[in-house]
Number of protein chains: 2
Amino acid sequence: MHWVHETVSDGVVERQFELQGGSRPVPGLLWVPAEAVGPRPLLLLGHGASGTKREGYLVALARRMVRRHGFAAAAIDGPVHGDRRSDLGSNPVLTFLEFSQAWTTDPAMTDAMVADWRSTIDELEKLDEVGSGPVGYWGLSMGTILGLPLVAAEPRIAAAVLGLMGMTGPTRERIAADAPRVRCPVLFLLQWDDELFARDSSIELFGALGSSDKRLHAQPGRHGEVPSEEFEASDRFLTRHLTD
Amino acid sequence: MHWVHETVSDGVVERQFELQGGSRPVPGLLWVPAEAVGPRPLLLLGHGASGTKREGYLVALARRMVRRHGFAAAAIDGPVHGDRRSDLGSNPVLTFLEFSQAWTTDPAMTDAMVADWRSTIDELEKLDEVGSGPVGYWGLSMGTILGLPLVAAEPRIAAAVLGLMGMTGPTRERIAADAPRVRCPVLFLLQWDDELFARDSSIELFGALGSSDKRLHAQPGRHGEVPSEEFEASDRFLTRHLTD
């Protein structure tokens, strides 16, 4: 674990890291309460396609969970995203194009990202201020394409917020195989007017999740228009399932 | 308005009434905070088929909103239900049978219930401790079959919780005509394994609601298994939309 940079504001420490020693370097961010001591819930945040680990909605949710509930939170760049690119993610359209190509042609992409996340958990758990507390996952769209297989594979994840994605796309078979293996409580978000994922395919994916404790929240709006109400719902859901 | 009976417990006054002067007597219950003075939000509660205005889940929600938020709440018996029957609703199976027959053969049933609710609002608004504050509606299953037309027709209703019902049944055309006329914020509840209303027809009904501010919450379980989480969501939704 190489710590690149640290800032502190409003009681939240943000530490940029590069995880090394796995199959490839993993660029990430960790947020913890200032002067945190001892174990706490860890929330993993997966960004959407064309974004980075510094997306505004991820940083806002991370800081919210740290400030309000004393969580730790971490985000890593997706494949072909952010600091994994020579342009550092400054060209979202090119990033989106290259992700959609990798999604279509690189069957190892999902496994590599799952491995990156698992290495990230392994390393962060070694920190005194994170420890081996319960782990949650929050990721929509690409954050579900790559995060649902993680949640299916990783027993340390005790609750997940997924959505903005359906039983469709190049990795449809992988998703169909992994969905029933998701057993933890899930909040699944659906945008009623999603222009990228057909409503029926999203409803099908929710139905296929193996969790007995799951809920679907659907609201009007396009893919990128998740209302603040669902960030509040995410907060409540994760807090309920990851704290005593 | 004829007041039949009054009880007080845990700071909540429950008053049984029979509304007279409309086209037929309307038996109901009003809950208000003990020693309430001045206007407050009024929540109308529509029970499901075979039940009565005294269903446990209705009384619990009414008392919750009164105690926590100072609301007034009211429930009236549905057509062929409760105190409208000579058996006072003591035979749920016979009540259910007679309701399903009335739903099929009596096209005036919906209009009569809408009129009953509107008379109830008219009368309750005259009380100092209710007044002309914002009105909300909560009703699932039969509470939506008969309540959705009320919400569509009644501009005083500023927020509604509906669900456990689909674009189906003998009054399908009426529901299809009224759904786009619902314009207030709506929380719509769907039980994923509903044995009475097909999932697709419920999703279709949610889609047809005219409200721009609406959300669908779906959870595993059969028709009668709405989890406590959705009563909490109802509380938050109604409080958000009916209080300043």
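Reader: Is Glu123(B) buried, partly exposed or exposed?
Author: In this predicted model, Glu123(B) has a relative accessibility of 22%.

Reader: From which pLDDT do side-chain atom pairs count?
Author: Residues are numbered from 1 along each chain as its sequence is written, while chains are lettered from A and ligands numbered from 1 in the order in which they are written. Side-chain values use heavy atoms, without hydrogens and water, and in this predicted model totals for chains, interfaces and linings use all residues, local features need pLDDT of at least 70, and side-chain atom pairs count only at pLDDT 80 or more.

Reader: Which residue meets Glu123(B) in a salt bridge?
Author: A salt bridge needs a side-chain nitrogen of Lys or Arg within 4 Å of a carboxyl oxygen of Asp or Glu. The N to O distance here is 2.9 Å. Glu123(B) pairs with Lys126(B).

Reader: How far apart in sequence are the parts tied together by Arg68(A) and Asp235(A)?
Author: The closest N and O atoms of this salt bridge are 3.9 Å apart. Helices (H or I, at least four residues) and strands (E, at least two) are DSSP runs, numbered from the N terminus. Arg68(A) lies in helix H1 and Asp235(A) in helix H8 of chain A, so the pair ties together parts separated by 167 residues.

Reader: Which element gives the most residues to the side of chain B that touches chain A?
Author: Contact (heavy atoms within 4.5 Å) involves 17 residues of chain B and 17 residues of chain A. Helix H7, strand E9 and helix H8 of chain B each give two or more residues to that side. With six residues, the most comes from E9(B).

Reader: Which residue stands opposite His217(A)?
Author: Strands pair if DSSP finds at least two bridges between them. Strand E9 of chain A and E9(B) are joined by three bridges and run antiparallel. Opposite His217(A) stands His217(B).

Definitions and conventions:
Buried < 20%, exposed > 50% of the residue type's maximum accessible area, 1.4 Å probe, protein only.
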